[in-house]
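Please look at the sequence and the model below before reading on. The text then goes through the side-chain packing, the charged pairs and the aromatic rings.

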Amino acid sequence: MRVLVAMSGGVDSSVAAARMVDAGHDVVGVHLALSAAPGTLRSGSRGCCSKEDAGDARRVADVLEIPFYVWDFADRFKDDVIDDFVASYARGETPNPCVRCNEKIKFSALAGRALVLGFDALATGHYARLSDGRLRRAVDADKDQSYVLGVLSAEQLRHAVFPIGDTPKALIREEAARRGLAVADKPDSHDICFIPSGDTRAFLGARIGVRRGAVVDAGGTTLAEHEGVHGFTIGQRKGLGIAGPGPDGRPRYVTGIDAQTGTVHVGPAEDLDVWRLQGERPVFTSGAPFTGPVECQVQVRAHGGLADGVASVVDGTLSVSLRSALRGVAAGQTMVVYRPDPQGDEVLASATITNA
């Protein structure tokens, strides 16, 4: 099989490439240049896709003796991920750019080009598993990335390979060291890759600008002024600009955001409880919508935000009735529906939350 491996320059994708070579496939490595002006070095574990990362990926490819290329996807990344991220926050939503990157860049733009060029599959270093075309959680629950892959269609999964999903992260690092790969101890990247400073509010403010509004309590009393709803997300407790807890002495949280009026609503923790989720643009990993109610577990964040429920499709909308309330659910987040399974929870569907 002819396999294109997306090589970020990190340990996971490096071992994924090595395993594809070991399996006897015709392997080619590719690094995605996603920034029009990449820094020469990353800052510790912040950021990715830097010149340093491209160099690390190339050195791994040299060790594996496979062809290696750098493909420029900076314009596509800006349009489909960065601009989408900014626009979503401007609407008072809370998007996940990693989900969008997998959907629009890695498994749409990149995989599409790979198929046109005659490759049979795209392999990545994601922690997830595929069995009989079914997307499942990784063996390493702490590193599981099936959530950010839940937006992939059945056709995209058919051409995907996740070589390391059956192995805990610690063993992946040990394997990289045994293979003589210099990235064995390289820190994992975290936070948002295109905001290496980690200051999301400043990044958004520079692009959205000042859009003043009010922070109000449940009774409609104005507690503070703010410079834009992009500085807030549902469930946020700190950085609200208010004097302190409510009259009852309990902390206050962001419970609602109205981008049209610029109003940020705050209230007690119980006002964050959500018992029903609705999502638009559903994707079903089997290729077909549910034919009836499905017992499931739903996840609304990459790490955490889990609850049992019953999923159904109503007028093209994915709906989940929860058996226990979730807190901190925001419009713009992705919900991923799983079927509990002893072999590893199976991803059934995903959608972008609209009702939070």
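The model is predicted, so local features need pLDDT of at least 70 and side-chain atom pairs count only at pLDDT 80 or more, while totals for chains, interfaces and linings use all residues. Residues are numbered from 1 along each chain as its sequence is written, and side-chain values use heavy atoms, with hydrogens and water left out.

In soluble globular proteins, nonpolar side chains tend to be buried together. A nonpolar core is here a set of buried Ala, Val, Leu, Ile, Met, Phe, Trp, Tyr and Cys residues joined through side-chain atoms within 4.5 Å. Buried means under 20% relative accessible area, exposed over 50%, and partly exposed in between, with a 1.4 Å probe and protein chains only. The largest core has 44 residues, and the members that touch the most others are Leu4, Phe85, Leu110, Phe162 and Phe194. Two or more residues come from each of strands E1 (2–6), E2 (26–33) and E16 (334–339) and helices H3 (74–90), H4 (97–116), H5 (146–149) and H8 (200–208). Helices (H or I, at least four residues) and strands (E, at least two) are DSSP runs, numbered from the N terminus. H4 gives the most to this core, with eight residues. Apart from this core lies another, of 27 residues, including Val11, Val15, Ala18 and Val161.

Phe162 shows the packing around one member of the largest core. Leaving aside neighbours within four places in sequence, Phe162 is in contact (heavy atoms within 4.5 Å) with Phe107, Thr124, His126, Ala128, Leu130, Leu135, Leu149, Leu152 and Leu157.

The charged pairs come next. A salt bridge is a side-chain nitrogen of Lys or Arg within 4 Å of a carboxyl oxygen of Asp or Glu, and by this rule the count comes to 27. In one of them, Glu103 pairs with Arg100, the closest N and O atoms being 2.5 Å apart. Because they are three residues apart in helix H4, Glu103 and Arg100 are separated by about one helical turn. Glu103 is partly exposed at 21% relative accessible area, and Arg100 is buried at 9%.

Asp273 and Arg327 form another salt bridge, with 2.6 Å between the closest N and O atoms. Asp273 lies in the loop between strands E11 (263–267) and E12 (274–284), and Arg327 in the loop between strand E15 (317–326) and E16, so the pair ties together parts that are 54 residues apart in sequence. Asp273 is partly exposed, at 30% relative accessibility, as is Arg327, at 41%.

Glu346 and Arg339 meet at 3.6 Å, N to O; Glu346 is buried at 7% and Arg339 partly exposed at 37%. Salt bridges that share partners also join Asp12, Lys143, Lys169, Arg173 and Asp188 into one network.

Rings of Phe, Tyr and Trp (its six-membered ring) pair if their centres lie within 6.5 Å; planes under 30 degrees apart count as stacked, over 60 as edge-to-face and the rest as tilted. The structure holds seven such pairs. Phe194 and Phe203 have ring centres 5.6 Å apart and planes at 50°, so the pair is tilted; both residues are buried. Phe284 and Phe290 are edge-to-face, with 5.3 Å between centres and 80° between planes, and both are buried. Phe77, Phe85, Tyr89, Phe194 and Phe203 form one aromatic cluster.
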